[in-house]
Amino acid sequence: MMTVMAAGRALRRNLPGGVSAGRVGAVLNRNVGALRSGPAYWLVLLSGFFEPLLYLLSIGVGVGALVGTVPVGGRPVDYAVFVAPAMLAVSAMSGALAETTFNVFFKFKYAKTYDAVLATPVRPVEIALGELMWALVRCLFYTVLFLVVMVVLGLTSVGGALAAFPATALVGVAFGATGMAISTFLRGWQDFDLLTTGQFTLFLFSGTFSPVQDYPVVFEVIVTLTPLYHAVELVRGLAVGPVGWTLLVHAAYLVVMAVAGLWVAARRIGKLLLV
Amino acid sequence: MAHSTVAVLERHLTLYRRLFWASAMSSFLLPVLFLVSIGLGVGGYVGDLGGVSYLQWIVPGVMAATAFQMAVGETTYPVLGDFKWTRGYHAMRATPVRIGDMVAGQVLFMVVRVLPQTAVFLAIVVLFGGLRSWWSVVTPLVCAAVVVASALPVMGVSARIDNDGYFALLFRFVMIPMTLFAGVFFPVAQLPLVAQWLAWVSPLWHGVELCRAATLGVAPPWPIWAHALCLVAWTVAGGWFAMRGFARRLAV
Amino acid sequence: MAEEPLIVARGLVKRFGEFTAVDGIDVSVERGEAFGFLGPNGAGKSSTMRMISCVSPPTAGELRILGMDPVRDGVAIRGRLGVCPQLGNLDTDLSVFENLTTYARYFGLSRAEARRRATELLEFVQLADRAKGKVEPLSGGMKQRLTIARALVNDPEIVLLDEPTTGLDPQARHLLWERLYQLKRQGVTLVLTTHYMDEAEQLCDRLVVMDGGRIVAEGSPRELIDRYSTPEVVELRFAGGAEVAVKLDGVGERVDALPDRVLVYARDGDAAVAEVHRRGLSPSSVLVRRSTLEDVFLHLTGRTLVD
């Protein structure tokens, strides 16, 4: 996530806002093209997996050694066990968002990919679904690897991992759809600062590093309204426990988010392109 | 100071005026959010560490890490961009500005930024009770040293690459690991020995320990001169690496 | 005693590894001249310009600029040059005005002086109304004028222009030429590269024709045309292709068959056309024009200049 922040700021520096014109677009186009074609793109894709893993090792294991245990559902668990599912949810979120915000925005604004696609019988909602599928692939690529690491480190059981896996897919779809809807509203690269700031704030305060019950009440209420909190709680419940009816509430939140995001994205893509 | 160096510094400040609000977030808000989430949130479970609260313990680490990340952020895309896209260095090259001025002016710009940035951070954390010693006032200087020691080698890298895809690797395999494992959030003594060695080599760890010594009013793990020497070594080697990289790239 | 030329090169060579970009050229540019390097892409013009602008050290040979050595005194020389590079390097994150003031500071001008020069120069290149605006929305011609203004910010003795009008539309080119002509009248020494004949004829007092890293001819545009061409040229196109060229033997002073047309060099174009018709040939099109540097180049190298 820090990577995105740094890149966003840098792009802002080199691609001043409101510049939709050819040269910048062409430069970016070429870069992305170059990235896509060579092994570099795959290296970058793979490296995206390491960021949440490094947080897990640093905060979960490193700081965890100082923390000892934290209560989950009234039962004390190792701090690393507490943090790991949260990082899993974060990797699902950021994998999906990276594809649907940055890349979709690029295709919209510079590559004009969708203009070409819409000249064919493909409908806007199909574009939205297609993008979402690809985002989901990237997201699941991250979460499968992450679950393997969790099992190897003894941070969850094989059963827990198998239960959590479909939940990470739901998280990916929910954030992917929302990200796509958001990217249709972005005015320029400068809005990525805002987006990454929001993403980072969610990352720090969604019951990721300490239980939300510790937050001041007002704060806790606000957090329970935000999406990553539900993603973390759902994934944590399935991977670590306890499994209960409340997990359905979290899942329902994500389903609504996915449907709403997709609906808005499809409507906006149609509106922006079919003029 | 050479006039041309100041002219280069001014150019970066002029650019920065436009981007102040965009970068204010990462310079000022982000470290505070970190402190609240990890320092206060997780700190509640840690209790004391070496006789001080966990919040007080990570304040100097977050401070130095913020400076470090600013240095890396400012010397990756912006430097490559001035070689490749805006060709700002080529424009300078046609004037009496020397390569040394280009490098020094840009590093100076980061120093000019980090000093007030660290001072503001100090003012905020003092409200949280995050400082324990008046020696805290020297931390802006330590952070400036961290910035110089980390910016120069990265400038050298940016001067040698052509595809910005490498930056994602630099961030994920160098910058973030260093931030997470160089004594910012937990003592490096907890790390396996090999990782400890890596932390000792990194410029950030020395900055973190010097800042920590200052804000807690204790002696750093190594003698002060030894920490300072490591930062100076990075500065000298990085400066040489950057100057050579710039000279080569501009000499075709 | 006459002043030493501002630029003197003897046996100047630039190699990149195995490739020789500039292969031993001799050049001298006098104060107040407009001097041109004419040649196709890859002729070695830009490499020569980069050596003169002291950013690329010569591989061999002698080069003196303003009486100084570009390798040792690069800083001092660059302080008295104005450079308009071929690849744009305006700062797109700065305003039009800031581009000039920032650049002026590189030359050690005071802030007040930088602002004064910037205002004056934006007036000169007719961009005063865009001062506060961004660089990106400017047209190609405007950007090029801004680059020229930037090159003038230190009141240079020599202005180097590397293909100043490449990629500009005709109107923008004429405006630019007009500004450069103004500069020349003010006594500024201009050194430019171009692959446009009309540009060289319009702007240059003297020029060298380069090909494959060497100088193949030198002189004023008029001299070169007189020496290597004829006053008039007849361009003939034949429906059946250029095979008829053999039948044109002896018409005018020289005949060149190109893939798409035949050129007849003659003192009197109309007389040559009459001779063509007398021989019973009926070209599909006939054009009589004055001879240009293009013809000189064709004659010297056997190739056309652009593409």
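How many helices and strands are there in chain A? In this predicted model, chain A has eleven helices and two strands. Along the sequence, their order is α-α-α-β-β-α-α-α-α-α-α-α-α. Chain A holds 275 residues, and 49% of them are buried. Of the contacts in chain A between residues at least 6 apart in sequence, 78% link residues at least 24 apart. The chain also contains a cis peptide bond, between A:Gly241 and A:Pro242, with omega about -5 degrees. A:Pro242 sits in the loop that runs between α10 (227-239) and α11 (246-273) of chain A.

The largest nonpolar core comprises 231 residues. Within this core, A:Ala89, A:Val171, A:Val235, B:Val146 and B:Val147 touch the most other members. The most residues come from helix α4 of chain A (residues 79-111), which supplies 19. Leaving aside residues up to four places away in sequence, B:Val147 touches B:Ala67, B:Met70, B:Ala71, B:Met110, B:Val111 and B:Val114. Another core, of 14 residues, lies apart from the largest one. Its members include C:Val234, C:Val255, C:Tyr265 and C:Ala272.

On the α3(C) side, the contact is formed by C:Phe97, C:Leu100, C:Thr101, C:Ala104 and C:Arg105. On the α4(C) side, C:Ala114, C:Arg115, C:Arg117, C:Ala118, C:Leu121 and C:Leu122 take part. Seven residues of this contact are nonpolar, one is polar and three are charged.

The second pair joins helix α8 (residues 221-228) of chain C and helix α10 (residues 293-301) of chain C. Their axes come within 9 Å and cross at roughly 50 degrees. As a result, α8(C) is oblique to α10(C). The crossing of α8(C) and α10(C) is left-handed. From α8(C), the contact draws on C:Pro221, C:Leu224, C:Ile225 and C:Tyr228. From α10(C), it draws on C:Leu293, C:Val296, C:His299 and C:Leu300. The contact of α8(C) with α10(C) has seven nonpolar residues, one polar residue and no charged residues.

Individual loop residues were then considered. C:Asn154 belongs to the loop between α5 (140-151) and β6 (158-162) of chain C. C:Asn154 counts as buried because 22 C-beta neighbours lie inside 10 Å, and the cut-off is 20 or more. Not counting residues up to four places away in sequence, C:Asn154 touches C:Gly79, C:Gly82, C:Ala104 and C:Phe107. Of these, C:Ala104 also takes part in the contact of α3(C) with α4(C). C:Asn154 and C:Gly24 are separated by 130 residues in sequence and by 31 Å in space, C-alpha to C-alpha.

Two further loop residues have positive phi. For B:Arg87, phi is near 55 degrees, a positive value in a residue other than glycine. B:Arg87 lies between α3 (77-84) and α4 (88-93) of chain B, in the loop. B:Arg87 is partly exposed, because 18 other C-beta atoms are within 10 Å. For C:Gln126, phi is near 60 degrees, again positive in a residue other than glycine. C:Gln126 is in the loop between α4 and α5 of chain C. With 14 C-beta neighbours inside 10 Å, C:Gln126 is likewise partly exposed.

Definitions and conventions:
Residues are numbered from 1 along each chain as its sequence is written. Chains are lettered from A and ligands numbered from 1 in the order in which they are written. This is a predicted model: local features need pLDDT of at least 70, side-chain atom pairs count only at pLDDT 80 or more; totals for chains, interfaces and linings use all residues. Two residues are in contact if their C-beta atoms, placed from the backbone, lie within 7 Å. Helices (H or I, at least four residues) and strands (E, at least two) are DSSP runs, numbered from the N terminus. Ala, Val, Leu, Ile, Met, Phe, Trp, Tyr, Cys and Pro count as nonpolar, Asp, Glu, Lys and Arg as charged, and the others, Gly among them, as polar. A nonpolar core is a set of buried Ala, Val, Leu, Ile, Met, Phe, Trp, Tyr and Cys residues joined through C-beta atoms within 7 Å. A residue is buried if 20 or more other C-beta atoms lie within 10 Å of its own, exposed if 12 or fewer, and partly exposed in between; C-beta atoms are placed from the backbone. Axes are lines fitted to C-alpha atoms, for helices over the stretch in contact, and angles run from 0 to 180 degrees between N-to-C directions. Angles under 35 degrees count as roughly parallel, over 145 as roughly antiparallel, 65 to 115 as roughly perpendicular and the rest as oblique. A crossing is left-handed if the near helix is turned anticlockwise from the far one by less than a right angle, and right-handed if clockwise.
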